[in-house]
Amino acid sequence: MALTVGERVTVEATDALCQKGWTAAELLSSPDRLTTPLLHGRPATWEQALDHVASRLREVRTEHGPDGVAVFGGGGLTNEKAYQLGKFARVALGTSQIDYNGRFCMSSAAAASIRAFGADRGMPFPLTDLAEADVVLLAGGNVAETMPPIVRHLTRPALIVVDPRRTATAKLAALHLQPTPGTDLALALGLLHVAIAEEALDGEYLARRTTGFEAVRISVSEWWPERVERVTGVPVAAIRQAVQMLKNADKAVVLTGRGAEQHAKGTDTVTAFINLALALGLPGTPGSGYGCVTGQGNGQGGREHGQKADQLPGYRKIDDPAARAHVAAVWGVEPETLPGPGRSAYELLDALGTGEGPKALLVYGSNPVVSAPRSAHVTERLKSLDLLVVVDFVLSETARLADVVLPSTQWAEENGTMTNLEGRVQLRRKAVEPPEGVRSDLWIIQQLALRMGHTWPAEPREVFDELRRASQGGTADYSGITYERDGLFWPCPETEHPGTPRMFLDRFHTPDGLARFVPVQHRAAAEEADADFPVYLTTGRVLAHYQSGAQTRRIAPLVEASPEPFVELHPDLAEHLSIGAGDLVRVSSRRGATEGVARISDAIRADTVFMPFHWEGANRLTNPALDPTSRMPEFKVCAVRLEKVARERTRRSERSGRARNELGRVANEER
């Protein structure tokens with residue numbers, strides 16, 4: 001039974017939650033919360049707002065065709081919402097122009113896993129397997145801050161962490177490899193070269209379970225450790241030590257995170273780490289394997305059911321005739337009426353308002369003004385639209401630009417399923433009634449679809465049951481999972497099936513059942529440091545905040561813990577630039593500039609600075625150069641220059657004031 005409006009929800013702190021988790025209930029009663037639709041900045045009734053949106057969508061479609069309208073979703077949406085949003089775009093709107101912010105998250109790992117294994121499930125084994133491993137290699141992940149509950153599974157294994165910074169996770173490691181940003185691929189090639197030279201390979205596994213190794217063996221022959229040291233900055237001795245640790249382990253796991261993946265060569269970088277894991281005989285071996293650390297609340301499920309530009313439910317490809325026929329039958333439409341693949345996330349945002357691009361955009365569960373690369377340019381594209389509709393619970397930076405803002409329910413106010421990083425489908429149950437005037441995303445989609453001539457359900461269970469039918473027979477088959485049988489791992493093809501905690505034990509999801517080695521080669525970052533921009537910038541998260549900060553920057557304890565953007569730089573670089581701790585620093589790239597408070601730390605390389613991306617600013621700097629396969633932008637490395645703006649003593653009171661005033665700011669300015 002859900003609590004009534006006004007009854008307070010609390011979260012009990014446990015070792016399974018981080019600070020963001022045990023403060024999450026404060027968000028439900030945030031003073032910034034929207035409880036009525038906004039039409040051109042003014043309160044409106046739901047009928048007025050929805051009628052206006054539907055009318056303008058019809059006008060844009062009539063003038064510019066179905067692809068004149070676009071949809072941008074989010075990796076935090078429930079499976080039901082992600083599914084219904086994809087259906088709404090392709091059936092009610094008839095547009096191919098749908099993608100989501102998960103493209104900025106795990107797309108490189110997904111693409112690499114599909115071409116190696118034939119399927120993508122972040123971790124194709126239970127998370128608890130990590131605790132049984134002897135060695136875990138984590139490339140580009142800082143789970144101690146981004147996903148603290150996972151750390152309890154990493155107390156037994158010897159950790160090898162690959163990161164340009166000595167993060168909280170790297171401090172837990174037995175071995176920290178600290179490469180120059182953008183050189184993870186060269187490091188992975190070097191590790192495999194040494195593994196071959198040290199006879200660390202599993203020959204029987206290679207012969208029985210893989211194909212294509214010889215081409216990869218030849219391709220890494222030129223990546224001897226001394227060359228890798230020159231490219232990456234990682235010492236030869238450390239490279240050899242990492243391989244020895246993996247060689248001597250009975251059970252080992254290779255994991256990648258955003259640090260390795262958010263590059264214009266991210267798919268090849270992950271492929272190189274998968275090649276290493278395959279050569280060691282890890283994937284599909286109980287207690288060992290390759291996995292990807294999820295970046296969003298429903299990062300796995302969000303990409304399985306149709307809000308990605310090239311996919312249909314069940315992780316089906318949209319250009320597969322059989323997939324189109326199956327899903328079209330569930331939806332009650334003809335396969336030929338379904339559009340083909342659309343633009344990827346950044347390409348979609350970049351095209352908004354242009355001659356050939358969409359003129360109207362619906363945004364669900366995303367804040368691209370903060371989270372997109374080259375964000376100042378994306379902001380201008382959003383401003384150029386004929387219609388921008390944002391569904392959110394507060395006036396995020398993106399919602400503040402919108403013609404229409406529709407207030408939606410939050411995590412404790414609705415039922416729905418989420419799929420975690422290990423492929424386990426979990427039912428999130430409603431705990432409290434939403435505030436008066438707030439509606440669910442599914443209801444909003446239903447009402448817009450109704451105005452476009454379609455009658456669809458809005459109850460999560462009904463939508464999930466349809467999702468089950470649409471996913472049946474697909475790679476991510478949910479058809480055997482029900483609200484009463486949640487907690488199972490996909491694929492689960494029948495209601496009597498126990499689910500699949502460990503994939504690939506007998507065969508990989510390829511036509512011949514063999515995993516595929518894929519030769520890849522290192523190439524430089526899309527933008528190298530030079531005389532004008534002599535320092536590398538890398539971005540990431542901090543413990544107190546999450547994604548674009550639209551939620552966490554409204555929770556007082558989290559704001560107090562981390563009140564403002566900062567620039568982390570090495571003492572040598574700080575001395576060279578005459579920057580002291582607490583100074584205000586301007587960071588500039590070829591795309592824009594932003595400011596942050598200096599933090600001096602020897603935990604980062606002297607040629608690199610770090611900025612968190614939870615505030616508007618860091619992504620003004622980042623490079624939208626795209627991976628040719630995954631279409632992932634190069635978030636993790638670009639060239640910047642730094643200059644001191646003001647001394648610390650002139651900024652302290654202003655910064656304290658900003659922290660105190662963070663809560664309620666948007667409501668006071670905009671309502």
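Which residues does threonine 95 touch, not counting residues up to four places away in sequence?

Reply: Threonine 95 touches Pro66, Asp67, Val69, Ala89, Arg90 and Pro339, with residues up to four places away in sequence not counted; contact means heavy atoms within 4.5 Å. The structure is a predicted model, in which local features need pLDDT of at least 70 and side-chain atom pairs count only at pLDDT 80 or more, while totals for chains, interfaces and linings use all residues. Residues are numbered from 1 along each chain as its sequence is written, and side-chain values use heavy atoms, with hydrogens and water left out.

Threonine 95 is found in the loop between helix H3 (79–93) and strand E4 (98–100). Helices (H or I, at least four residues) and strands (E, at least two) are DSSP runs, numbered from the N terminus. Threonine 95 is buried, with a relative accessible area of 0%; buried means under 20% relative accessible area, exposed over 50%, and partly exposed in between (1.4 Å probe, protein chains only).

The side chain reaches the backbone oxygen of valine 69 at 2.7 Å, and a polar atom of the side chain lies 3.4 Å from the backbone oxygen of proline 66. A polar contact is a pair of N or O atoms within 3.5 Å; within protein, one must be able to donate a hydrogen and the other to accept it, and residues adjacent in sequence count only if both atoms are side-chain atoms.

H3 has 15 residues and reaches 20 Å from its first C-alpha to its last, close to the 21 Å expected at 1.5 Å a residue. The expected span of a helix is 1.5 Å times one less than its number of residues. Because 15 of the 15 residues of H3 are buried, the helix is largely enclosed by the rest of the structure. H3 is followed by glycine 94, whose phi is positive, near 70°.

As to confidence, the mean pLDDT of the protein is 92, and 93% of its residues reach 70 or more. pLDDT is the predictor's confidence in each residue, from 0 to 100. Over residues 649–671 pLDDT stays under 50, and for these residues the model has 37 contacts beyond four places in sequence.
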